[in-house]
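Me: I have just opened this one and would like to go through it with you piece by piece. Could you keep the answers plain?

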Amino acid sequence: MESKCNECNAQIIIPNDAVSGEIVTCPDCGLNLEVTKNTDGKVILKEAEKVGEDWGE
Amino acid sequence: MQSKDISTLKLDAKNVAFELPNNNSNQNFGDIVLQRCISHFRGLHASAYIESAGIQVINSAKVAEICGNKFYTSLALCKSGVPTPKTVMTFTPESALTTIESMGYPVVLKPLVGSWGRLVVALRDQEEANAFIELQSQIEGALNRIFYIQEMVKRPPRDIRCIVVGEKVVSSVYRIAKADDWKTNVARGGSTEPCPLSNELEDMVLKASKAVGGGVLGVDAMEGSDGLVIHEINSTVEFRGAQNSSTTDIAEEIVDYTINQILE
């Protein structure tokens, strides 16, 4: 499915099996965006959280 | 999990609110929780709360606490007799610099909490030591007032990452540093190759896993000049790099282990 980057409006292809919380990256500006699916299945993108100092393993 | 026909509920740490007293009236944690939060502190505190509700968490809050703090990990390894690099902890820049001089160069300065090789720096001479100790002492946060200083182990430009699930090493890979970096983290561009799982490596890794309480762990080892040493253990282990060089389905191993914990 397709969506638009919140920052630069570039087209972003979101895999059909993407789950809520998954991160996609804008191919144009590189912004990380979090996928959210609302109750009627519509995909919303919002800017992902910035990497925290305690992230990762 | 979907392929195994298991009912699952995903909790997003950004949306939860854990209430105390916990009267269990409005929260459903199921039969078991597989905690995979990318934030160590969020995951740790969530695990503690869920455990207080009587639900088992993989990994336990205690294991997460030990593995998330490099000094606690070093303590656990030493207590269990697992070979680990010489490490010194100090609380002031002055004592850190004195310690480094007595250890001799090079040494490695690591943040107590953190991953992906962030803020890990090799100190090769006094000038670097002065600069980076001062830098760390200027970074906000109480944990940065603790200096975790480790000998720099002479090793090939790689280390070993073993994924342990319960009492089984399900994956063993070399993590190879990029040409211009000494750090091997996959997050920093390191690559992976299969690593033969010798009896010595397997025994040491399983002993290290047990030392911190066991579960689903990423155990990191180095081939030092005096033999294998374990330098880090990761609780919410990421395994993209390991999976690229493993024939085992690591995710499936983790899911099967979690399901079996319910049944036991």
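Me: Which residue is the bridge partner of B:Glu223 in β11(B)?
Reply: The bridge partner of B:Glu223 in β11(B) is B:Leu228. Strands here are DSSP runs of E with at least two residues, helices are runs of H or I with at least four residues, and both are numbered from the N terminus. This is a predicted model, in which local features need pLDDT of at least 70 and side-chain atom pairs count only at pLDDT 80 or more, while totals for chains, interfaces and linings use all residues. Residues are numbered from 1 along each chain as its sequence is written, and chains are lettered from A and ligands numbered from 1 in the order in which they are written.

Me: How many bridges do β10(B) and β11(B) pair over?
Reply: They pair over seven bridges, in the antiparallel sense; two strands count as paired if DSSP finds at least two bridges between them.

Me: And what sheet do they sit in?
Reply: In chain B, five strands form an open sheet in the order β9-β8-β7-β10-β11, with antiparallel pairing. Its edge strands are β9 (191-194) and β11 of chain B, each of which pairs on one side only, and the twist from one strand to the next averages 30°. Axes are lines fitted to C-alpha atoms, for helices over the stretch in contact, and angles run from 0 to 180 degrees between N-to-C directions.

Me: Which helix lies across β7, β8 and β10 of chain B?
Reply: That is helix α8 (residues 250-263) of chain B, which runs at about 35° to β7(B).

Me: What about α6(B), which of its residues are buried?
Reply: The buried residues of α6(B) are B:Leu201, B:Met204, B:Val205, B:Ala208, B:Ser209, B:Ala211 and B:Val212. They cover an arc of only 155° around the axis, which puts them on the same side of α6(B); the arc is that of the directions from the helix axis to the C-beta atoms. A residue is buried if 20 or more other C-beta atoms lie within 10 Å of its own, exposed if 12 or fewer, and partly exposed in between, with C-beta atoms placed from the backbone.

Me: What do they pack against, and what is on the face turned away?
Reply: The buried residues of α6(B) pack against α2 (61-68), α3 (70-79), β7 (158-165), β8 (168-176), β10 (216-224) and β11 (227-234) of chain B. The face turned away from the buried side of α6(B) carries the exposed residues B:Asn199 and B:Asp203, and the helix is followed by B:Gly213, whose phi is positive, near 115°.

Me: Switching to B:Ile55, where does that lie?
Reply: B:Ile55 lies in the loop between α1 (40-52) and β2 (56-58) of chain B. With 17 other C-beta atoms within 10 Å, B:Ile55 is partly exposed. Leaving aside neighbours within four places in sequence, B:Ile55 is in contact with B:Phe29, B:Ile32, B:Val33 and B:Ile50, where contact requires C-beta atoms, placed from the backbone, to lie within 7 Å.

Me: Now chain A, how many helices and strands are there?
Reply: Chain A has zero helices and five strands, and buried residues make up 16% of its 57 residues. Strand β4 (residues 32-37) and strand β5 (residues 43-47) of chain A pair in the antiparallel sense over five bridges, with A:Leu33 standing opposite A:Glu47 in β5(A). Their hairpin has five residues between the strands, and there A:Gly41 takes a positive phi near 85°.

Technical notes
Contact = placed C-beta atoms within 7 Å.
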